[in-house]
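Welcome, and please take a moment to look over the model before reading on. The short report below is a guided visit to a few of its parts.

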Amino acid sequence: MTTSKRHYHITTFGCQMNKADSERMAGVLEDMGFEWSEDPNNADVILYNTCTIRDNAEQKVYSYLGRQAKRKHEQPDLTLIVAGCVAQQEGEALLRRVPELDLVMGPQHANRLKDLLESVFDGNQVVATESVHIIEDITQPRRDSKVTAWVNVIYGCNERCTYCVVPNVRGVEQSRIPSAIRAEMEELGRQGYKEITLLGQNIDAYGRDLPGATSEGRHLHNFTDLLYYVHDVPGIERLRFATSHPRYFTERLIKACAELPKVCKHFHIPFQSGDNELLKAMARGYTHEKYRRIIDTIRRYMPDASISADAIVGFPGETEAQFENTLKLVEDIGFDMLNTAAYSPRPGTPAALWDNQLSEEIKSDRLQRLNHLGNLKVAERSQRYFGRIEEVLVEDQNAKDQAQVMGRTGGNRLTFFSGDIKELKGQLVKVKITEVRPFSLTGEPVEVKQALSV
């Protein structure tokens, strides 16, 4: 099939894993000859990469689909695709709800997009949600940035948190071999990328599905060893990783992050609740006290480390006293960023079937109170940056002020300062912070550091 001058558009919902998958699928489409269209109404292939963690994200997908389904009646050659977690969750039921769809594909099939589309172009309506072993993807992703990039190190999740649909839609854990991860990073270094975020739904579990063991009885491959293995990749100046699980976050990993200069001192470790009974009901596998020990250990090795987290309010059966334990944890730790959500029952999860669901009014009230406290603590944490000199990796121009560039500190604070993006993009700049806000900083450039290859 000829695809000259045909266009595609991808809308991505949800987490960093979905964003990485979208980049891979964009790479497939461009290899097939399609060109990116900013306007979905000018696209011949429209792909929605979906998230099912929250009901509102799922409903938004159906709203978008409805508009494009109407368009397809006027433009039969339009190809409509739903990928990601909603696709995996709903499968063929999506076709019954939106019969105009051409392809429904789960996250594990992202690197099979070309084959699946060729079947669609042959006149088939395709559903690809069966469990598969993920093979190495030789497709070059279409990266949204020229400075920072995602690299998947482990797919899937073996945890069974009672509120979470991820294991049902992303499958079992599948770790990539270290040499394949390093090879991808080396290619990114050659292309001029300066920062890489290593991704996994449960990244600390990396390697436990790979064969072999050490003489000390550890898995032969683990995430701490992976960091040591990839740390010296030429050209890469910064390493980040997400998302961590407190059950597997070890002092050995913390020590490695403190020792390795390229690893950014920023940690995203969801706690979900500050109450031990609720954590047990959620099947999280740790206690409030263990979580506190992890944070204390991080700050012992790296006193200025930035800590971000996720929290859920309104989990089935949550009492006011249990919710106040969450508030106390936030008050005591003082997070640099806190992502919050009211509990949302998800299909196929145990907690969705429990009869002790809370009212939307209670959930909304608790979410508002938690957000208020969380924002106060974030603002307090931001104050420590005032007057300091921070190293900022320049990523782009400030869309609201063409005279400024923007980037992030090692602690993941968005920072703005005056400069020419053509000269500074991809460079590390010493910036003196002159203005602090809860979620961003402004400063003055002090020194530009040319990013050098190792």
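## Ground rules

This is a predicted model, in which local features need pLDDT of at least 70 and side-chain atom pairs count only at pLDDT 80 or more, while totals for chains, interfaces and linings use all residues. Residues are numbered from 1 along each chain as its sequence is written, and side-chain values use heavy atoms, with hydrogens and water left out.

Helices (H or I, at least four residues) and strands (E, at least two) are DSSP runs, numbered from the N terminus. Contact means heavy atoms within 4.5 Å.

## Helices H1 and H5

Let us begin with helix H1 (residues 16–31), which packs with helix H5 (residues 113–121) at an angle of about 55°, their axes being 9 Å apart. Axes here are lines fitted to C-alpha atoms, for helices over the stretch in contact, and angles run from 0 to 180 degrees between N-to-C directions. H1 and H5 are therefore oblique to each other; angles under 35 degrees count as roughly parallel, over 145 as roughly antiparallel, 65 to 115 as roughly perpendicular and the rest as oblique.

On the H1 side, Met-25, Val-28 and Leu-29 meet Leu-113, Lys-114 and Leu-117 of H5. By class, this contact of H1 with H5 has 5 nonpolar, no polar and 1 charged residues (Ala, Val, Leu, Ile, Met, Phe, Trp, Tyr, Cys and Pro count as nonpolar, Asp, Glu, Lys and Arg as charged, and the others, Gly among them, as polar).

## Helices H8 and H9

Next, helix H8 (residues 223–230) and H9 pack at an angle of about 15°, with axes 9 Å apart. That makes H8 roughly parallel to H9.

Phe-223, Thr-224, Asp-225, Leu-227 and Tyr-228 in H8 meet Arg-252, Leu-253, Ala-256, Cys-257 and Glu-259 in H9. The residues of this contact of H8 with H9 divide into 6 nonpolar, 1 polar and 3 charged.

## Helix H11

Which residues of H11 are buried? They are His-288, Tyr-291, Ile-294, Ile-295, Thr-297 and Ile-298, where buried means under 20% relative accessible area, exposed over 50%, and partly exposed in between (1.4 Å probe, protein chains only). The elements they pack against include helix H9 (251–259) and helix H12 (320–333).

## Residue His-7

Finally, His-7 lies in strand S1 (residues 7–12). With a relative accessible area of 24%, His-7 is partly exposed. Leaving aside neighbours within four places in sequence, the contacts of His-7 include Phe-34, Trp-36 and Val-45.
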